[in-house]
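Please keep the sequence and the structure in view while reading.

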Amino acid sequence: MILDIVKYPNKILRKISKEVIKFDVELHNLLDNMYETMINSNGVGLAAIQVAYPLRVLLVNIPREDDNEQCKEDLLEIINPVILKTEGEIIWNEGCLSVPGFYEEVKRFDKISLYYYDRNGIKHENIFEGFMSVAIQHEMDHLNGILFVDKLSLIKRKKFEKELRKNQKK
Ligand code: QAP
Ligand code: CO
């Protein structure tokens, strides 16, 4: 089922999401619906709060380097994530399904060591770099009510607000 995506400046996006405690069929349905919703909107990442569920659940679906087709094989379902270690810096031109049509450069950690659970409640610990790492950090910010536009410099923030006003007039 395709769900509605909550758009900026809806206050729902500012909620702090809660940890998942039951890895049950309800969670599996949410994950499946989130995936359908993300693919339908040409997204590469989605947090549960973007479909109005305040749970620490996120998806990232970035093609491996050896092919550029988006497929479910590359889907990563991340629940209750914690960053254990970070390394380096990377600047990426980010977008967000909740802020459609706006893209801007954001500075993130280049490499992260991540602790998380999968849909079956199995613990994982993995290292991510580059695009994957950026996408996970972007989605993890959603769990704490933070959007990529909050991280912009004052001048880029002004550019965003100007484009926002322009789009509201249309
Ligand atoms: C988060 O964002 C992300 O404005 C995922 O018109 C993005 O999937 C993390 C999208 C970049 C790291 C780097 C945005 C689709 C999709 C739009 C997305 C739009 C259509 C954004
Ligand atoms: Co986003």
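In what order do the elements of the chain run from the N terminus on? The order is α-β-β-β-β-β-α-α, in a model that is predicted.

**Overall architecture**

- The secondary structure of the chain consists of three helices and five strands.
- The C-alpha trace spans about 45 × 35 × 30 Å along its principal axes.
- The chain has a radius of gyration of 16 Å, which agrees with the value near 15 Å that a compact globule of 170 residues would have.

**The site of ligand 1**

- Ligand 1 takes up the space of the largest pocket.
- Two elements, strand 3 (75-94) and helix 2 (130-143), each give two or more residues to the shell around ligand 1.
- Helix 2 supplies the largest share of that shell, with five residues.
- There are 19 residues around ligand 1, and those that come nearest are G43, V44, G101, Y103 and E139.

- A backbone N or O atom of G101 is 2.7 Å from an oxygen atom of ligand 1.
- At V44, a polar backbone atom lies 2.8 Å from an oxygen atom of the ligand.
- Y103 takes part through its side chain, where an N or O atom is 3.0 Å from an oxygen atom of ligand 1.
- Ligand 1 taken alone exposes 500 Å², and the protein buries 85% of that area.

**Backbone details**

- Most residues other than glycine have a negative phi, and most peptide bonds are trans.
- The peptide bond from Y8 to P9 is cis, and its omega is near 5°.
- P9 belongs to the segment before helix 1 (25-40).
- N42, a residue other than glycine, has a positive phi, near 60°.
- N42 is placed in the loop between helix 1 and strand 1 (45-47).

Key:
Residues are numbered from 1 along each chain as its sequence is written. Chains are lettered from A and ligands numbered from 1 in the order in which they are written. This is a predicted model: local features need pLDDT of at least 70, side-chain atom pairs count only at pLDDT 80 or more; totals for chains, interfaces and linings use all residues. Side-chain values use heavy atoms; hydrogens and water are left out. A residue is near a molecule or strand if one of its heavy atoms lies within 4 Å of it. A polar contact is a pair of N or O atoms within 3.5 Å; within protein, one must be able to donate a hydrogen and the other to accept it, and residues adjacent in sequence count only if both atoms are side-chain atoms. Accessible areas come from the Shrake-Rupley method with a 1.4 Å probe; for residues, only the protein chains shown count as cover. On a 1 Å grid over the protein atoms alone, a cavity is a set of points where a 1.4 Å probe fits but cannot get out, and a pocket is an open set with protein on both sides within 12 Å along at least five of seven lines; lining residues have an atom within 4 Å of a point. A molecule sits in a cavity or pocket if more than half of its atoms lie within 2 Å of its grid points. Helices (H or I, at least four residues) and strands (E, at least two) are DSSP runs, numbered from the N terminus. The radius of gyration is taken over C-alpha atoms; the globule rule is 2.2 Å times the number of residues to the power 0.38.
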